[in-house]
Amino acid sequence: MRELVENIARALVDNPDEVKVNMVEGEKSMILELKVAPDDMGKVIGKQGRIAKSIRTVVKAASSKEKKKVVVEIV
Amino acid sequence: MKTLEITAKTVDEAVQTALKELQVDLEQVEVEVLEEPSKGFLGIIGSKMAKVKITVKEDPLDMAKAFLQPILDKLGVKPEIRTSKTDKYYHLSFHGSRLGILIGHRGETLDSLQYLCNLAVNKKLENRVHIILDVENYRQRREETLIKLARKLSDKAKRTGRKVVLEPMSPQERRIIHTALQNDPEIQTFSEGQEPYRKVVISLK
């Protein structure tokens, strides 16, 4: 799941090397913290969060088989 | 982007050599002539070779596939991908069984994948292209459903004399509703609200 977020984010930003995803696993949920270069924030959030929303939708689809709820946070 | 500089006696010869080396067709590359050949004085002094620079244009369809493949793997699907191109529109359609996961609720996942794919591909290209993703003709089936819905709701508006407000839809889906009812003399349609919650309203004229 972490790789999925990393893959998508790297394809969208100008500084792919600075993309980092931190995974925090809880009992019922998994939080993926996406970190990008400050200049690239807009590229993963988008106008009115449209890109962030799309990333979350794709991640949600990929995590549907897992029992845990997956949350993507941009930090 | 792959580039190659080749020197030969003529421009044509240089281009042909480059194409052979890169194993591509002329349509797939951009040719820039760096130096025109010249015979020089009596063909001995000052003769110059032709020098060309060949740049391989990347195919948006290949780029889209490269972006999507790891995602498809993570989603656990192995669809057959068919591609086609019309003008600026590049179509990729997925075929296979159990691809519902790619579509999602009302095409939500498919639209998200398409949006991200367009961003990823256009980031690397100079000229904007449009990539359209489809799963087992989902878009066409959805269009037919929306047209039926539009007719049904316009009947309701005529019967009750009141306006009918539809659920929020994407611009593409709203357009389908507007188009379906534009020739109805008794009905007018318009959209209200802010993206992404804009909805179509069907009312009597």
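This report describes a helix pair in chain A and several strands, helices and a loop in chain B of a predicted model.

## Basis of the description

In this predicted model, local features need pLDDT of at least 70 and side-chain atom pairs count only at pLDDT 80 or more, while totals for chains, interfaces and linings use all residues. Residues are numbered from 1 along each chain as its sequence is written, chains are lettered from A and ligands numbered from 1 in the order in which they are written, and side-chain values use heavy atoms, with hydrogens and water left out.

## A helix pair in chain A

Helix α1 (residues 2–12) and helix α3 (residues 50–62) of chain A pack at an angle of about 150°, and their axes are 10 Å apart; helices (H or I, at least four residues) and strands (E, at least two) are DSSP runs, numbered from the N terminus. Axes are lines fitted to C-alpha atoms, for helices over the stretch in contact, and angles run from 0 to 180 degrees between N-to-C directions. The two helices, α1(A) and α3(A), are therefore roughly antiparallel to each other, a term used for angles over 145 degrees.

On the α1(A) side, A:Leu4, A:Val5, A:Ile8 and A:Leu12 meet A:Ile51, A:Ile55, A:Val58, A:Val59 and A:Ala62 of α3(A), where contact means heavy atoms within 4.5 Å. The residues of this contact divide into nine nonpolar, no polar and no charged, with Ala, Val, Leu, Ile, Met, Phe, Trp, Tyr, Cys and Pro counted as nonpolar, Asp, Glu, Lys and Arg as charged, and the others, Gly among them, as polar.

## Strand β5 of chain B and its partners

Strand β5 (residues 89–95) of chain B is mostly covered, since five of its seven residues are buried, that is, under 20% relative accessible area with a 1.4 Å probe and protein chains only. Strand β4 (residues 80–86) of chain B pairs with β5(B) in the antiparallel sense over seven bridges; two strands pair if DSSP finds at least two bridges between them. Within this pairing, B:Arg82 has B:Ser93 as its bridge partner in β5(B).

The strands β4(B) and β5(B) form a hairpin with two residues between them, and B:Asp87 in the turn has a positive phi of about 55°. Strand β6 (residues 130–135) of chain B runs parallel to β5(B) and is joined to β5(B) by six bridges, with B:Phe94 opposite B:Val135.

Three strands of chain B form an open sheet in the order β7-β9-β8, with antiparallel pairing. The edge strands are β7 (164–165) and β8, each of which pairs on one side only.

In the loop between α6 (171–181) and β8 (187–192) of chain B lies B:Pro185. B:Pro185 is exposed, with a relative accessible area of 63%, exposed being over 50%.

Key
Parallel < 35°, antiparallel > 145°, perpendicular 65-115°, else oblique.
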